[in-house]
Amino acid sequence: MTGNFDKPLTERMHSDGSVVDLQAYEQAGGYQAIRKVLRTGMTPMEVTEEVKNSNLRGRGGAGFQTGLKWSFVPRGKDIPNPTYLIVNADEMEPGTFKDRLLMERDPHQLIEGAMVAGFAIEADIGYIFLRGEYTLAAERLARAIAEAYEHHYLGENVFGSGYSLELHLHISGGRYICGDETGLLNALEGKRANPRSKPPFPPSVGLFGKPTVVNNVETICCVPHIINRGAEWFKGLGRTRDGGTKLFGASGKVKRPGLWELPMGTTVREILEEYAGGMRDGVKFRGLLPGGASTDFLVEEHLDLPMDFSSLDKAGSRMGTGTMIVLDDQTCPVGMTWNLTHFFAQESCGFCTPCWSGLGWAERILKSMEEGHGQPGDLDKLAFQTKMWAPGHTYCALAPGAAEPVQSALKYFHDDFERHISEHRCPWR
Amino acid sequence: MLTAEEIQEIETEAGHYPKREAVCIDALRIVQRHRGWVSDDSVHDIAEHLGMSDTDVDSIATFYNLIFRKPVGRHVVMVCDSVSCWIMDYDRVKKHLHERLGIEYGQTTSDERFTMLPIVCLGCCDHAPAMMVDRDLHSDLDPQKIDSALEKYK
């Protein structure tokens, strides 16, 4: 299905799944944004301002203003050296499969984005932090980085401008917690990926104690297009205030699971019914997690909401990564909540008590419910636990994220939880 | 003892970081790629090479799930147990693999051909259920596809 709108992130991709190499990327207008920046004498602050004006918000899930994040980096001659740019390519949010596409199919777009972002924050060294299971992305990124070095697009004195950027690919050893900004910094320093206390925030004290910006893959991929075509054009791509396009996806028992680049603000219903083709024959829609495992369930009443950061925040959920996981009526909502909580309990790094202790406790309650051993009072215990995982009780967002599906499942599927307890069994088994 | 090849690969990666300890995870991955897993001796050798304590290196090795601190078979089957695969009948995939290989998670077949492990979301949710064997992703799994996929790994 093709809509009549720009798809800057995916338009160059080959339909056979092969990689867009350097030559193909350049023929399609690639590496023009970095040339524009360096040859027209744009300053780092001007690039930062342009991205700020575009209203680009972080595509990793949190939706922080990208240009604003960049503006926190100290600049000038007297700052601690070097400054680091990190591309967070540790895509591990369950139900999320968008960054993999961008890296496997068009790796030079990411590299050019990193070059422009690196210029904007006056970075000297960049790392792409890639999860270990993304083996094809690793091969293709490594090849693309080598191509960029061979053509002197990376390294010393890019395009004779005096700007230099080293870019390295780091392959992770695993664990969801590495996707947390400061957990990632510790992993890159060769340590356990425990999160750090904030403040100080990474733009002032980050990797090896130096100024550091961490941006998601999709966020970085938007940057060259903003420079090429302007902040106003980018804002105009979206249907709502949050600018740009977004890679939206759907998985679960829908007719056509997949991934589509659509205007920000496309409604949940359009994605679910027009792009994903609606539910498979024989199953009915019950709810969905709009953007990965750590987002609150949405149900029928929310289907006409625009998928963007602001609208879903207002509805009490989050857009997260924008890749929805659909729950159908043949699948047990308690079982699904158990699966999600099992994931978060397993992936807790063990640093903060509400997380390592509470998530395991909640998982055991959900497991016992699924196995027919639920007790009266279990739902109160679950609700109490999720309050303990609130932001501010832990160093990072893992436990607050784990609370979202549990709290919303208790709200929207309350009767199903009650039936598990009163019938001493899972009605779906 | 680390081999010359391993040391060379570790040193190449070490050049990407301002501090020597930072290459620890890369070093563990490199040794594992050559030997299949990371033994106590390898932990010691990496520690010595990087000027770290054995305990420090082991605390890192045991934190990261893609570093194996026990011997594994010639091929490692990692089955996605996250939410989208679970909805798409992960239980059937797991059951079939258990029956077919005769092992539970964390175990290795007696011919040392396969080790089976659970893995978190592989980012293949639109083609769930999915698994990885070594470096290869296998998707849209059903018992027939699993059987034919396993044939390739001797």
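Is K191(A) buried, partly exposed or exposed? K191(A) counts as partly exposed, because its relative accessibility is 40%. The points below concern a predicted model.

1. **The pair E189(A) and K191(A).** The partly exposed K191(A) forms a salt bridge through its side chain with that of E189(A), at 2.8 Å from N to O. E189(A), by contrast, counts as buried, since its relative accessibility is 9% and the cut-off for burial is under 20%.

2. **The pair D6(A) and R229(A).** A salt bridge also joins the side chains of D6(A) and R229(A), with an N to O distance of 3.7 Å. D6(A) belongs to the segment before α1 (22-27) of chain A, whereas R229(A) belongs to helix α9 (residues 217-229) of chain A; the pair therefore ties together parts that are 223 residues apart in sequence. D6(A) is partly exposed, with a relative accessibility of 31%. R229(A) is likewise classed as partly exposed, its relative accessible area being 47%.

3. **A pair within one helix of chain B.** The side chains of E99(B) and K95(B) meet in a salt bridge of 3.2 Å, N to O. Both residues are in helix α6 (residues 90-101) of chain B, where they stand four residues apart, about one turn of the helix. E99(B) and K95(B) are both exposed.

4. **Network and total.** In chain A, K98(A), D99(A), E218(A) and K246(A) are joined into one network by salt bridges that share partners. Over all chains, the count comes to 40 salt bridges.

5. **Helix packing in chain B.** Helix α2 (residues 24-35) and helix α4 (residues 54-61) of chain B have axes that come within 10 Å and cross at roughly 75°. The angle falls in the range 65 to 115 degrees, which means that α2(B) is roughly perpendicular to α4(B). On the α2(B) side the contact involves C24(B), I25(B) and L28(B), and on the α4(B) side V57(B), I60(B) and A61(B). By class, this contact has six nonpolar residues, with no polar and no charged ones.

6. **The sheet of chain B.** Four strands of chain B form an open sheet with mixed pairing, in the order β2-β1-β3-β4. Strands β2 (114-119) and β4 (136-138) are at the edges and each has a single partner strand, so one side of each is left without a neighbour in the sheet. On average, neighbouring strands are turned by 25° against each other, direction ignored. Strand β1 (residues 75-80) of chain B pairs with strand β3 (residues 131-133) of chain B in the antiparallel sense, over three bridges. M131(B), in β3(B), is the bridge partner of V79(B).

Notes:
Residues numbered from 1 in each chain as written. Chains lettered and ligands numbered in written order. Predicted model: local features only at pLDDT ≥ 70, side-chain atom pairs only at ≥ 80, totals over all residues. Heavy atoms only, no water. Axes fitted to C-alpha atoms, helices over the stretch in contact; angles between N-to-C directions. Helix = DSSP H or I, 4+ residues; strand = E, 2+ residues; numbered from the N terminus. Parallel < 35°, antiparallel > 145°, perpendicular 65-115°, else oblique. Contact = heavy atoms within 4.5 Å. Nonpolar A, V, L, I, M, F, W, Y, C, P; charged D, E, K, R; others polar. Pairing = 2+ DSSP bridges. Salt bridge = Lys/Arg side-chain N within 4 Å of Asp/Glu carboxyl O. Buried < 20%, exposed > 50% of the residue type's maximum accessible area, 1.4 Å probe, protein only.
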